[in-house]
Amino acid sequence: MADPVHTYVFMEQANPLQQELLQIVAAEAEELVAIRDGRYTRSQDVEKLLRSAFEGLGFQHAVTSKQIPQLLATDSDFEMDFFHSTLQIALEVEKGKHFNVWRDLCKFVESELVDHAVLLIPYEKYSSTGRRESVLLSTADSLSNVCRLYYSLKSFLLIGY
């Protein structure tokens, strides 16, 4: 089973669960592609598919500062899709054509508890002209332009599905 396409936007130290995360995504590759390419599917469908496997690694799902104090500002309306409190890994899942990578980045760097950020995004999508476009590569290119934002992180890993 081949690893899904992935890259570090920033890496001072490798994500301690990188291999396990890649194995989970690879194991669900067929279903993830169906969700990715589905017309009426959402990121919550990806979360639902992967939730039990991620929880098996020690992640909590849909976490706010109410569950984990100091994860985010008390008055913040942010929520982390998945958070591993022991290893301080935050994982966000995106699916839509116009997801907001900058909002995800703000969540990661705003938290005092996040050392390792992971963004699970479509590897590619079909454009309005029917051509395949690489979402992962264009996202990595965009995120590589803001290196100073990553000072509070040890790593920022993109995984494509």
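What follows is a short exchange on how terms are assigned in this predicted model.

Trainee: Why is the pair of F54 and F59 called tilted?

Mentor: Take the centres and the planes in turn. The ring centres of F54 and F59 are 5.8 Å apart, and rings pair within 6.5 Å. Their planes stand at 50 degrees. Stacked needs under 30 degrees and edge-to-face over 60, and the rest count as tilted. So the pair is tilted. The structure holds 5 aromatic pairs.

Trainee: What makes the pair of F54 and F82 edge-to-face?

Mentor: The planes of F54 and F82 are at 85 degrees, with 5.0 Å from centre to centre. The cut-off for edge-to-face is over 60 degrees. F54 lies in helix α3 and F82 in strand β3, so the pair ties together parts 28 residues apart in sequence.

Trainee: How do you know whether F54 and F82 are buried or exposed?

Mentor: Look at the relative accessible area. F54 has 1%, and F82 has 0%. Buried means under 20%. Therefore F54 counts as buried, and F82 does too.

Trainee: Which residue stands opposite F82?

Mentor: H61 stands opposite F82 in β3. Strands β2 and β3 run antiparallel and are joined by 3 bridges. Two strands pair if there are at least two bridges between them, so β2 and β3 qualify with 3.

Trainee: What makes β1 and β2 edge strands?

Mentor: Start with the order of the open sheet: β1-β8-β5-β4-β3-β2, with mixed pairing. β1 and β2 each have a single partner strand, so one side of each is left without a neighbour in the sheet. Neighbouring strands are turned by 25 degrees against each other on average, direction ignored.

Trainee: Which strands does helix α4 touch?

Mentor: Helix α4, residues 101–110, packs on the sheet and touches β3, β4, β5 and β8. Its direction makes about 165 degrees with that of β4.

Trainee: Why is the contact between E92 and K107 called a salt bridge?

Mentor: The closest N and O atoms of E92 and K107 are 3.1 Å apart. The limit is 4 Å, from a Lys or Arg side-chain nitrogen to an Asp or Glu carboxyl oxygen. So the pair passes. E92 lies in strand β4 and K107 in helix α4, so the pair ties together parts 15 residues apart in sequence. Relative accessibility is 2% for E92, which counts as buried. K107 is buried too, at 6%.

Trainee: How do you know that K154 is partly exposed?

Mentor: K154 has 30% relative accessibility. Buried is under 20% and exposed over 50%, with partly exposed in between. So K154 counts as partly exposed. Its salt-bridge partner D115, with closest N and O atoms 3.6 Å apart, is buried at 16%.

Trainee: What makes R36 and E124 a salt bridge?

Mentor: Their side chains meet at 3.7 Å, N to O, and the limit is 4 Å. R36 sits in helix α2 and E124 in strand β6, 88 residues apart. R36, D37, E124 and R132 are linked in a network of salt bridges.

Trainee: Why is Q18 called buried?

Mentor: Q18 has 15% relative accessibility, and the cut-off is under 20%. Therefore Q18 counts as buried. Q18 is found in helix α1. Leaving aside neighbours within four places in sequence, Q18 is in contact with H6, Y8 and L157.

Technical notes:
Residues numbered from 1 in each chain as written. Predicted model: local features only at pLDDT ≥ 70, side-chain atom pairs only at ≥ 80, totals over all residues. Heavy atoms only, no water. Phe/Tyr/Trp six-rings, centres within 6.5 Å; stacked < 30°, edge-to-face > 60°. Helix = DSSP H or I, 4+ residues; strand = E, 2+ residues; numbered from the N terminus. Buried < 20%, exposed > 50% of the residue type's maximum accessible area, 1.4 Å probe, protein only. Contact = heavy atoms within 4.5 Å. Axes fitted to C-alpha atoms, helices over the stretch in contact; angles between N-to-C directions.
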